[in-house]
2 protein chains.
Amino acid sequence: MNVKYSSRMDVVRGSDIREMLKMTQNLDVIYFAGGLPAAELFPTKALGELAKEVIEKEGFRALQYSPTEGYIGLREALVDRLNKVWKAHTTVDQIMITTGSQQGLDLTAKVFLDQGDYVVCERPTYVGAVMAFTLFQPRWIEVPCDDDGMDMAALDAALKNNPRVKFIYIVPNFQNPSGRTWSLERRRQTLAIAAKYDIPIIEDNPYGELYFDEDQPTAIQELDTEGRVISLGTLSKTFCPGLRLGWVNANEEILRKYGLIKQATDLNTSTLDQMIAAWYLQKYDFEADVAEKRIVYRNRRDAMVKAIHEEMPPEIRFVKPRGGLFLWLELPKQINARTVMRRCFERGVAVCPGEGFYPQSPELNTLRLNFSCMPEERIREGIRRLATVMREMLAEAALEQPIEV
Amino acid sequence: MNVKYSSRMDVVRGSDIREMLKMTQNLDVIYFAGGLPAAELFPTKALGELAKEVIEKEGFRALQYSPTEGYIGLREALVDRLNKVWKAHTTVDQIMITTGSQQGLDLTAKVFLDQGDYVVCERPTYVGAVMAFTLFQPRWIEVPCDDDGMDMAALDAALKNNPRVKFIYIVPNFQNPSGRTWSLERRRQTLAIAAKYDIPIIEDNPYGELYFDEDQPTAIQELDTEGRVISLGTLSKTFCPGLRLGWVNANEEILRKYGLIKQATDLNTSTLDQMIAAWYLQKYDFEADVAEKRIVYRNRRDAMVKAIHEEMPPEIRFVKPRGGLFLWLELPKQINARTVMRRCFERGVAVCPGEGFYPQSPELNTLRLNFSCMPEERIREGIRRLATVMREMLAEAALEQPIEV
């Protein structure tokens, strides 16, 4: 059979991370490749009891179809929390549950993108957004960034020169992959520039509550008085990703569009997952859970940073992330991160090349390391092996240099 | 803010069913509108215990991200069952778990459809497919049907005249909405015509195991020796829809494309839902559950058919469905089913107008009734109220007739 696929199948590419996730079945592997939260922090005892209680008491509802917008108990619990923790002023009519935050990206693409429209994003940007948006065949403008966020002049120029820009996509807190957190000033400026060109902002915020060294950042949505910011949230990093639970928080007109699209996409998110999460948020001390994650992940970040300082050749550059799950390495130009990945793999270490985080012209000498899912001594051992690979490759690269006469 | 949405937002429409699902929160409503399975048949006791066991014993896995293709235990259990119950010859490499069967439709659209491509479907066809495919802005060819399935000459002509047909979408067993089941001969002919034009067949089969009067139908995929048939399955009708679990069963080349697309769509289906279902399939007598549903739904169908015969004016036509969840009414041409819906709503009965089941030119005098989720005495009462509305509207229509001179 000669199957005629859609033209998007010519541009879609798989994620290295999803491929390497299969490696996690082998417990000997030191796994820095994905964005897995620490499974040992899952509240399994409480959730086991709660799942039983939800099904036994309300199985007629928990096991049935449910409204596309989401289970009202979960929407209410999330609204309460957003208003408290993020100083939001949101209501249940402004929140819709999604099947993980990845679905929030898929729905965003469907709501906004026609083939050939422009997406403005950070350089580098989140690989899951690259995958989701690519299916809708947009053009991309990757705006260069420094430690405080996007270059504002470049952002302004991008919007000025391209009337088919549909939205600005950003991960302002402890960005995946770079670890970068935007300054308050850049957040304000971005909002002003978006207003000038009347463009919505997609604020993807999976990591904002996982801050280690200072206070929680300010959400751009909190600064927004026009309903311009569409915020994507998730319980995957602060709770459990196996329950596929995210949300879209947006003004009511925009959210109705997301609702129409979600109907056509999967009718509704798992009712059982939603009810378990809602009951947990109501009955347990979720804030204590998040605080515990901050401590454990900070310690793991510290272990990784220390090991890099001690083990890694000085040619490898990185900025210490102030929160989140990721550390981003820039290697010397002559080092290809895909080769690093393969050699690490042979040594039982899974790492993620950075190229997937660039929708157009990748930097092949970048590497993302995750520090959330391995205990500290495994982190040290993994960095030791990675450093060995780096030294090996630097030595080989030096031999291949043309000899100057 | 003047938001610029994608052009698909101009064509997307919501489903009456999803809107009316909100009515189910009011337990007094007699609900014929959706496709809800009977909640009183959910194995809540067993599932409560099992959910607790899964989370307590394997929470580190059940609450974590999992492979895009699905939890291997569930894929194995489904393959065993398909090979036994449907005489399939499939393997785990040919099955991928989806977030409900609705996601199977979304992924199908993404894998195959460019804007302007043709979809060939039955007339009428499943509203969820209309919604999912419409987002990708195809053109439609609705092939007329009789009691045995599609008109084969019309199908052949459609494929002959339209080289941009990407697939044939059919629900051959106890179709939603019409209740129709295809003859074996038409299944064979369709496969031959698809082969002649080298086109894949999407066989959507949510209801095939819910047969009441005769043996289980033969799957078109069972007749296929070329890997031409892509079968969509679901646990929503035979198990519980609140766990969002469906699957795609296709040849390995095609299934890899679905996998790439699913990655970008929601990474993976709820791990917890998948593990609960897998353990249930392994430990409990699932075949006995399905057999029980056949009996309960047959009795409800019988109650609805009997009530229609007794209560409804003779102008209302329908064919008794031999399985599934739905009964399809054709009303006199002058009766608009949307008005019927509104008047029934005032009398506490939710019904579904047929127009959503036509992607292009709807028959406004059609109505779908679901008989699976209400006990028999509620079905009788609901049909009585519906019949009152019908008589009322027929009398009004008679008054409006031009008087012949």
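Biologist: Is the crossing of helix 12 of chain B and helix 13 of chain B left-handed or right-handed?

Modeller: The crossing of these two helices is right-handed. Please keep in mind as we go that this is a predicted model.

Biologist: What makes helix 12 of chain B oblique to helix 13 of chain B?

Modeller: The axes of helix 12 (residues 337-346) and helix 13 (residues 376-400) of chain B come within 10 Å and cross at roughly 130°. Roughly perpendicular ends at 115 degrees and roughly antiparallel starts over 145, so an angle between those limits counts as oblique. That makes helix 12 of chain B oblique to helix 13 of chain B.

Biologist: Which residues make the contact?

Modeller: Helix 12 of chain B brings B:Thr339, B:Val340, B:Arg343 and B:Cys344, while helix 13 of chain B brings B:Leu386, B:Val389, B:Met390, B:Glu392, B:Met393 and B:Glu396. By class, that contact has six nonpolar, one polar and three charged residues.

Biologist: Now to another pair. Why are helix 4 of chain B and helix 9 of chain B called roughly perpendicular?

Modeller: Helix 4 (residues 100-112) and helix 9 (residues 252-266) of chain B pack at an angle of about 115°, with their axes 9 Å apart. Angles of 65 to 115 degrees count as roughly perpendicular. That makes helix 4 of chain B roughly perpendicular to helix 9 of chain B. Their crossing is right-handed. Among the residues that meet are B:Asp106 and B:Lys110 in helix 4 of chain B and B:Lys257 and B:Ile261 in helix 9 of chain B. The contact divides into five nonpolar, four polar and five charged residues.

Biologist: And in chain A, what makes helix 3 and helix 10 oblique to each other?

Modeller: The axes of helix 3 (residues 72-85) and helix 10 (residues 271-283) of chain A come within 8 Å and cross at roughly 40°. Roughly parallel needs an angle under 35 degrees and roughly perpendicular starts at 65, so an angle between these limits is oblique. Helix 3 of chain A and helix 10 of chain A are therefore oblique to each other. Helix 3 of chain A passes helix 10 of chain A in a left-handed crossing.

Biologist: Let's turn to the rings. Why is the aromatic pair of B:Phe133 and B:Tyr169 called edge-to-face?

Modeller: The ring centres of B:Phe133 and B:Tyr169 are 5.5 Å apart, with 90° between the planes. Rings pair if their centres lie within 6.5 Å, and planes over 60 degrees apart count as edge-to-face. The pair of B:Phe133 and B:Tyr169 is therefore edge-to-face.

Biologist: What does the pair tie together?

Modeller: B:Phe133 lies in helix 5 (residues 127-134) of chain B and B:Tyr169 in strand 7 (residues 165-170) of chain B, so the pair ties together parts that are 36 residues apart in sequence. Ring pairs also link A:Tyr5, B:Phe112, B:Phe133, B:Trp140, B:Phe167 and B:Tyr169 into a cluster.

Biologist: How do you know whether B:Phe133 is buried or exposed?

Modeller: Buried means under 20% relative accessible area. B:Phe133 has 0% relative accessibility, so B:Phe133 counts as buried. B:Tyr169 is buried too, with a relative accessible area of 1%. In helix 5 of chain B, eight of its eight residues are buried.

Biologist: Why does B:Asp198 count as partly exposed?

Modeller: Partly exposed lies between buried, under 20%, and exposed, over 50%. At 24% relative accessibility, B:Asp198 therefore counts as partly exposed. B:Asp198 sits in the loop between helix 7 and strand 8 (201-204) of chain B, and its phi is near 55°, a positive value in a residue other than glycine.

Biologist: Is B:Asn161 buried or exposed?

Modeller: B:Asn161 has a relative accessible area of 55%, so B:Asn161 is exposed, as exposed means over 50%. B:Asn161 is in helix 6 (residues 152-161) of chain B.

Biologist: And what does A:Leu135 touch?

Modeller: Leaving out residues up to four places away in sequence, A:Leu135 touches A:Arg8, A:Val12, B:Lys110, B:Ile261, B:Ala264 and B:Thr265. At 0% relative accessibility, A:Leu135 counts as buried.

Conventions: Residues numbered from 1 in each chain as written. Chains lettered and ligands numbered in written order. Predicted model: local features only at pLDDT ≥ 70, side-chain atom pairs only at ≥ 80, totals over all residues. Heavy atoms only, no water. Axes fitted to C-alpha atoms, helices over the stretch in contact; angles between N-to-C directions. Helix = DSSP H or I, 4+ residues; strand = E, 2+ residues; numbered from the N terminus. Left-handed = near helix turned anticlockwise from the far one by under 90°. Contact = heavy atoms within 4.5 Å. Nonpolar A, V, L, I, M, F, W, Y, C, P; charged D, E, K, R; others polar. Phe/Tyr/Trp six-rings, centres within 6.5 Å; stacked < 30°, edge-to-face > 60°. Buried < 20%, exposed > 50% of the residue type's maximum accessible area, 1.4 Å probe, protein only.
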